[in-house]
Structure formats: C-alpha cells, structure tokens
Amino acid sequence: MTSDLQQIAALLLKNRDNRVDWGEISHLEGAECSKRIANRFLICCLLDWQWDADLAWERGKHLADKLEKGGDTDDLWAVISSFSKEEWDSKYEEFGRPHRFHRGYRRLWPIANELCAIYDGDARKIWTGRSPFEALIHLWALGAGDQISRMIVGALRDCEQITGDSGDVKADLHLRRVLGRAVYGEEIRATEATKVIQLTRNLSADPWKLDLPLWYVGKSYCRPTSPNCPNCYLRLHCVYYQQHHDAGTTSDIPLEKT
Ligand code: SF4
C-alpha cells in the first residue's frame, strides 16, 4: 500500500464515530433484541438504497408504525405477506411513498413472503447465532441485495448483535465518489462497486470500519458538483485535490498530517 493510501486509511479510522444510529437496535448495547425491534430495523435497512439515508429511515419508521397498527403486532412481515401482490402494490401512496422508487417499495412483498416462509416472520432468525459471513449469505438469499446485505451485517456488528472479525462496506454513491476521487482522481462508476470492496479490503483488515467515515465525507464535503476540499481532512492525500487545487491557496485551512 502506498503512503497516501495508508494515510487515507489512518485518517478515516481516526475520524470514525462509533455512535452510529441504527434506530432502536442501536440502544440495546448488545442486549437481546426483540422481534419488533429486529423487524423494524430490517425494513428500514431494506429501504435504504439509492436515496437519502435519513429520509429512508424516516419513511421506514413511518411504514413500520402503519403496519404494526399502533403497536397491535410485532409481526410486520406477516402483515405485508397477508396482502396480495396487487394489494401491496396499490398501497404505495397510502403508506406515504416509503421509497423514492415504487420498485424499492414493491420488493418488500416477495422478501416478506420469504421471511415468513423461512424465518417465521422474525428477522432475528436471519442472523442470530451466525457469523457475519453466514448472515450475509442468508441476506443475499432473501433478496436483500449485495450492498444492503453488507450494510445490514456491518450495522449488526456495530450494535453487537453478531460478532466477527470483519465485514465489507456498502459501496453506495458516497463511497464510490469519495474513494474514487481520493485514490484515482475521479468517481468510481456504479458498475464497478467491486472496486470499492477490493480497495477498502486493501485499506483495512476490517473494511466496515471505513464505511461510516467515508459516507460522512461524501455527505458533508465531497459533494457531487462542488466538493468542499479546503475543509476535508483527506485533502493532503487526495488525488482529486492535488489535480484541481494549487498547494497553499489562501482559502485552504491548514490540516495536520498524520
Ligand atoms: S479532498 Fe475534496 S475531492 Fe478529495 S475526498 Fe475530500 S472533498 Fe472529496
């Protein structure tokens, strides 16, 4: 690994805030999770793709509230599977557009049916007693999608619901943009998500630990059209920054090298 890559990895790890909020499951500090909390966590995670994460979780909680009928049931996956496919599709507006795309909402129905058939509608049974890799395989098989499955496993490790040595990042658009610019000078394309996985594996023995700081840099500084490089702590080792800025411009805020 080159010196700049080592420095990027070190800076990201140094800026990792472990207090990630994954909803109620985050507050258990490793204590046993209820079926209701696990099911709510899973539905929010499944909605968290290809749009703003904060909005995804807000809509996910709203959808879970509706499905639980004011606390009458902790079986929200059974409620979803009790609808016919057509009924479920037709409730997109009624449930407050839970995903930016109708297909992002629609896919919950086949997942609910699988979940009820294999795991009795209890999300905990996907991961309890399993290693991170075993849980990942079960999530893939459920149809959660590759990147969301990796995020779920990482979140469960953050929340101490599963234990294991390492996990991969979710190669979303923020990570592709930040890592691509920092290492290659340009964004990594969506079709090259495996490049992100491989790169983060080279940067850390536990790539998941890079997920949050990379996401945060992407959301806060490394914006799509006008990255705020002068305030970004990666800039001294960032290829994009070196290509687009003269060293020592007056707008730059000095940063300490690690
Ligand atoms: S220095 Fe600029 S281009 Fe590089 S990661 Fe930070 S914000 Fe993005």
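**Ground rules**

I count residues from 1 along each chain, as its sequence is written. Since this is a predicted model, local features need pLDDT of at least 70 and side-chain atom pairs count only at pLDDT 80 or more, while totals for chains, interfaces and linings use all residues.

**Overall fold**

I looked up the secondary structure and got 14 helices and zero strands. Helices here are DSSP runs (H or I, at least four residues), strands are E runs of at least two, and numbering starts at the N terminus. The radius of gyration is 20 Å, close to the 18 Å from the globule rule for 258 residues, so the chain is as compact as a globular protein of that length. That radius is taken over C-alpha atoms, and the rule is 2.2 Å times the number of residues to the power 0.38. Along its principal axes, the C-alpha trace spans about 60 × 35 × 30 Å.

I then checked burial: 40% of the 258 residues are buried. My cut-offs: buried is 20 or more other C-beta atoms within 10 Å of a residue's own, exposed is 12 or fewer, partly exposed is in between, and C-beta atoms are placed from the backbone.

**Two domains**

I have domain 1 as 3-18 + 169-244 and domain 2 as 32-158; such bounds come from an automatic or database domain assignment. Their C-alpha centres lie 28 Å apart. Seven residues of domain 1 are in contact with six of domain 2, where contact means C-beta atoms, placed from the backbone, within 7 Å. The domain 1 side of this meeting has four nonpolar, no polar and three charged residues. For the classes, Ala, Val, Leu, Ile, Met, Phe, Trp, Tyr, Cys and Pro are nonpolar, Asp, Glu, Lys and Arg are charged, and the others, Gly among them, are polar.

**Ligand shell**

Which residues come nearest to the ligand? Of the 15 around it, I listed Cys222, Cys229, Cys232, Arg235 and Cys238; a residue is near if its C-beta atom, placed from the backbone, lies within 6 Å. The shell divides into twelve nonpolar, one polar and two charged residues.

**Arg181**

I went to Arg181 next, which sits in α11. Buried or exposed? Arg181 is buried, because 25 other C-beta atoms lie within 10 Å. Beyond four places in sequence, Arg181 is in contact with Glu186, Glu187, Cys222, Cys238, Val239 and Tyr240. Cys222 and Cys238 are also on my list of residues nearest the ligand.

**Helix α12**

In α12 (residues 193-203), I found Val196, Leu199, Thr200 and Leu203 buried. They cover an arc of only 95° around the axis, so they are on the same side of α12; the arc is that of the directions from the helix axis to the C-beta atoms. Thr194 and Asn202 are exposed, on the face turned away. The cover over the buried residues includes α1 (3-14), α11 and α13 (208-220).

**Positive phi**

Asp120 has phi near 55° and is in the loop between α7 (108-119) and α8 (124-127). Glu160 has phi near 60°, in the loop between α10 (146-158) and α11. Asp120 is partly exposed, with 13 other C-beta atoms within 10 Å, and Glu160 is partly exposed too, with 14.

Methods
Contact = placed C-beta atoms within 7 Å.
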